[in-house]
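Subject: Structure handover and notes

Dear colleague,

Please find the structure below, with my notes after it. I have kept to what can be checked against the coordinates.

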Amino acid sequence: MKINMPKDVKDIIDTIYENGYEAFIVGGCVRDSIVGIIPNDYDITTNAKPHETINIFKGEKIVETGIKHGTISLIKNKNEYEITTYRIDGDYNDNRRPQSVEFTSDIIKDLKRRDFTINSIAYNHMQGMVDEFDGIGDIERKIIKTVGNADERFEEDGLRIIRAVRFSSKLGFDIEPKTLKSIYKNINLIKNISAERIQEELNKILLSDNPEKIYTLYDAKLFDVLKINDVRVNKKDLLKIKSSKKDLAIRLSIFIYILGDINESKKILDLLKYSNKIKSQCITILDHINENIIDDKISIKIYLKEIGHESLNYLLYAKKILDKEFENKYYEKIKNLIKEIDINKECYSLKQLALNGSDLKRLGYRGKEIGEKLNLLLNKVIENPKINNKEELNNIISRL
């Protein structure tokens, strides 16, 4: 089996060989190439020690990103390539990272320390595949399986539990029975993993082609470990995530809604330290998702006033995915109403109002009274867009 590598990657490997060492691409780039996915990046592994790798590429831009663990980054034509020395990991005391590493000259020992068989394949254009743990066979069988004992692999790094599901969702593979049993057995290890790392993996699952595979983590009691209580998931409902576009705010909101008690499930946004932007988008969707939104122009302009254009579009789309009756009866009609409002430049926000705060100051209004009067005018304009001109609004103000 041959893998077509970018010229820069081939040149890096050739240069290392020319200096008396060996090197391979390894891990995700090999796996993705075998299954027909174009890799996002290429990791290179070598028997050259870090200082030897630095010496080989002296004169080129090198960043010592993780030299303690054997990794340097080579910048070539604005692309970054991690080059790591073959290594054996020491003890893992925090279920995340080895306390120490030992360099080795044996590629097999390096591959043995990796998480899953499909990620423990190395390749170069001279020696071909190095596949000691039958990763290619597991790719053909479409299974996710740990290298060696699953309990040991997960105890080394608890994040691998979620990564197993992430690779399953990305590739559409099943998790091998012993590996799956170990996920259920060791789910409590997740409590030792940082919220940011958990969030990153969950996002990748939700944005994958098979987000419904997140059910494995729910069924293994991940949300109990995260102390999100009383969630109830219907496995079939998770297919609704799959039917939606790949937008994190949309898919995350749908997932939180499917979890059941919205107020309880929303805790995930804080627990996993989502950005303020994502939290705001999701909370807006979830706070309005059960409301009865109908094809009434005044009602739609009130929504535009309260939550804005972008958030309303998010809300409508999420509601369409979750509610078939809404999709069939109202979705397109409401979208057309929004287009009509935009085309006609109908007012639904204070910045579109023909009178502003300065105008009211000149009329003698002060402080919070200005805001109150502007909002009163805005509500009248939402009901009757034809009066959004200074003359009409001044007449209304004079009668108040």
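For the neighbour lists in this email, contact means heavy atoms within 4.5 Å. Please also bear in mind that this is a predicted model.

With that cut-off, K76 touches D8, D11, I12, E60 and Y81, once residues up to four places away in sequence are set aside. K76 is found in strand β4, and it is buried, with a relative accessible area of 18%. The threshold for buried is under 20%, so K76, at 18%, falls on the buried side of it.

The strands around K76

Strand β4 (residues 71-76) pairs with strand β3 (residues 61-66) in the antiparallel sense, through 4 bridges. Within that pairing, I62 has L74 of β4 as its bridge partner. The two strands form a hairpin with 4 residues between them, and G70 in the turn has a positive phi of about 95°.

β4 also runs antiparallel to β5, with 6 bridges joining them. Here K76 stands opposite N79 in β5. This is again a hairpin, with 2 residues between the strands; N77 in the turn has a positive phi of about 50°. Strand β5 (residues 79-85) pairs in turn with strand β2 (residues 43-46), this time in the parallel sense and over 3 bridges. T45 is the residue opposite T84 in β5. For reading side-chain directions here, recall that in a regular strand the side chains alternate between the two faces of the sheet.

The chain as a whole

The chain has 22 helices and 11 strands. Its radius of gyration is 28 Å, whereas a compact globule of 400 residues would be near 21 Å. The C-alpha trace spans about 90 × 50 × 40 Å along the principal axes. Of the 400 residues, 51% count as buried. Among contacts between residues at least 6 apart in sequence, 64% join residues at least 24 apart.

Nonpolar cores

Which residues have the most contacts inside the largest nonpolar core? They are I25 and F223, in a core of 102 residues. Beyond its neighbours within four places in sequence, F223 is in contact with Y218, I228, V231, F255, L259 and I268. There is also a second, separate core of 15 residues, which includes C347, L374, L378 and I396.

L217 lies in helix α10 (residues 215-219) and is buried, with a relative accessible area of 0%. Leaving out residues up to four places away in sequence, L217 touches I161, I162, V165, L202, I205 and L222. L217 and K227 are 10 residues apart in sequence, and their C-alpha atoms are 14 Å apart in space.

D230 is found in the loop between α11 (222-225) and α12 (239-242). It counts as exposed, at 58% relative accessibility. Its phi is positive, about 60°, although D230 is not a glycine. Most residues other than glycine have a negative phi, so this kind of value is worth a look in the viewer. K142 is another such case, with a positive phi near 60° in a residue other than glycine. K142 is found in the loop between α5 (135-141) and β10 (143-144).

The annotated C-terminal span

The UniProt annotation "domain: CCA-adding enzyme C-terminal", from an unreviewed entry, covers residues 255-393. In the model this span is 70% helix and 0% strand, and its end C-alpha atoms lie 45 Å apart.

K267 is found in helix α15 (residues 267-271). Is K267 buried, partly exposed or exposed? At 36% relative accessibility, K267 counts as partly exposed.

Regards

Notes. Residues numbered from 1 in each chain as written. Predicted model: local features only at pLDDT ≥ 70, side-chain atom pairs only at ≥ 80, totals over all residues. Heavy atoms only, no water. UniProt positions renumbered as here; feature names shortened; annotations may be inferred. Pairing = 2+ DSSP bridges. Core = buried A, V, L, I, M, F, W, Y, C linked by side-chain atoms within 4.5 Å. Buried < 20%, exposed > 50% of the residue type's maximum accessible area, 1.4 Å probe, protein only. Rg over C-alpha atoms; globule rule 2.2 N^0.38 Å.
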